[in-house]
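Subject: Structure for your review

Dear colleague,

I am handing over the structure below, followed by an account of what was found in it. Please read the two side by side.

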Amino acid sequence: MSNTENRCRLVLVAPDLADAAERSKLVGEALKGGDVASVIVPQYGLSDQDFQKHAEALVAVIQQAGAAALIEGDTRVAGRAKADGLHIAGGVDALAEAIERHAPKLIVGGGNATDRHHALEIGELRPDYVFFGRTDGDIKPEAHPKNLALAEWWASMIEIPCVVMGGTDPQSALAVAETGAEFVALRLAVFGESGQAPSVVAAVNALLDEKAPRFED
């Protein structure tokens with residue numbers, strides 16, 4: 001059994017699929033692969049009405065697997081779908097408003113921290129986590145070097161957990177873990193190839209179990 005208490009954990013970003021049932025099935029299969037802390041559900045190009053359907057189906061699947069469901073997009077959708085939290089892709093103002101309205105009832109994090117200055121502004125709001133990268137920013141095999149550098153700086157001095165967007169290669173999770181980040185987010189690395197999601201989640205957990213640095217108590 002994976003020992004995840006003192007090492008970087010996996011966060012999934014739900015894939016961009018128009019079919020709600022297919023999307024829920026894929027995410028549910030991935031969650032069977034092993035430890036996942038949470039799943040971020042972006043709206044992508046869906047209308048608010050369609051996103052509501054997707055969110056309700058996905059939240060049920062995610063929560064049943066013991067992970068937290070975080071909705072990126074319409075905050076009203078998150079409330080109606082009974083999600084665990086909100087992922088805010090906008091900047092400081094959007095995050096401040098979400099925290100004021102929804103914390104601590106819901107998990108609220110994100111913030112689009114593109115540099116140290118913005119990261120510190122976000123940190124002053126005391127979100128549940130800061131996100132380095134974009135949920136659709138996995139365009140190369142490796143995690144973006146700027147996000148890795150920001151995470152290493154952040155983790156060394158700030159107690160608020162950070163999530164770093166990984167790359168399309170599952171091995172990119174280890175580079176994120178080595179920064180000291182508490183969470184690595186993967187999307188295409190897990191969902192890019194049909195039928196591979198559970199085995200990729202299992203492999204990433206095994207990799208982190210074996211090689212990720214351990215946090216000090």
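How much accessible surface does the protein have, and what share of it belongs to carbon and sulfur atoms? The accessible surface comes to about 10,300 Å², and 49% of that belongs to carbon and sulfur atoms, where accessible areas come from the Shrake-Rupley method with a 1.4 Å probe and, for residues, only the protein chains shown count as cover.

Before the details, please note that this is a predicted model, in which local features need pLDDT of at least 70 and side-chain atom pairs count only at pLDDT 80 or more, while totals for chains, interfaces and linings use all residues. Residues are numbered from 1 along each chain as its sequence is written, and side-chain values use heavy atoms, with hydrogens and water left out.

Overall build

The protein has 9 helices and 8 strands, these being DSSP runs numbered from the N terminus (helices are H or I with at least four residues, strands are E with at least two). With 217 residues, a compact globule would have a radius of gyration near 17 Å, and the 16 Å of the protein agrees with this; the radius is taken over C-alpha atoms, and the globule rule is 2.2 Å times the number of residues to the power 0.38. Along the principal axes, the C-alpha atoms fill a box of roughly 40 × 40 × 30 Å. Of the 217 residues, 50% count as buried (buried means under 20% relative accessible area, exposed over 50%, and partly exposed in between, with a 1.4 Å probe and protein chains only). Among contacts with a separation of 6 or more, 60% come from residues 24 or more positions apart, a contact being heavy atoms within 4.5 Å.

Helix H6 covers residues 145–157, which makes 13 residues, and reaches 19 Å from its first C-alpha to its last, close to the 18 Å expected at 1.5 Å a residue (the expected span is 1.5 Å times one less than the number of residues). Its buried residues are Asn147, Leu148, Leu150, Ala151, Trp153 and Trp154, and what covers them includes helix H5 (116–124), strand S6 (129–132), strand S7 (162–165) and helix H7 (172–177).

A search of the whole structure finds 2 aromatic pairs, for which rings of Phe, Tyr and Trp (its six-membered ring) must have centres within 6.5 Å, with planes under 30 degrees apart counted as stacked, over 60 as edge-to-face and the rest as tilted. The rings of Phe132 and Trp154 have centres 6.0 Å apart and planes at 75 degrees, so this pair is edge-to-face. It links distant parts of the chain, since Phe132 is in strand S6 and Trp154 in helix H6, 22 residues apart. Trp153 and Trp154 also form an edge-to-face pair, with 6.0 Å centre to centre and 65 degrees between the planes. Phe132 and Trp154 are buried, as Trp153 is, and Phe132, Trp153 and Trp154 form one aromatic cluster.

Salt bridges

The structure holds 8 salt bridges, each being a side-chain nitrogen of Lys or Arg within 4 Å of a carboxyl oxygen of Asp or Glu. One of them joins the side chains of Asp209 and Arg7 at 2.9 Å, N to O, and links Asp209 in helix H9 (residues 197–211) with Arg7 in the segment before strand S1 (9–13), 202 residues apart. Asp209 is partly exposed at 24% relative accessible area, whereas Arg7 is buried at 1%.

Another joins Arg9 and Asp35 at 2.7 Å, N to O, where Arg9 lies in strand S1 and Asp35 in the loop between helix H1 (20–31) and strand S2 (38–42), 26 residues apart. Arg9 counts as partly exposed at 25% relative accessibility, and Asp35 as buried at 19%. Glu29 and Lys25 form a salt bridge as well, their closest N and O atoms being 3.5 Å apart; because they are 4 residues apart in helix H1, about one helical turn separates them.

Backbone details

The peptide bond from Ala103 to Pro104 is cis, with omega near 0 degrees, and Pro104 sits in the loop between helix H4 (92–102) and strand S5 (107–110). Lys82 is not a glycine, yet has a positive phi of about 60 degrees; this residue is in the loop between helix H3 (75–80) and strand S4 (85–88) and is exposed, with a relative accessible area of 63%.

Kind regards
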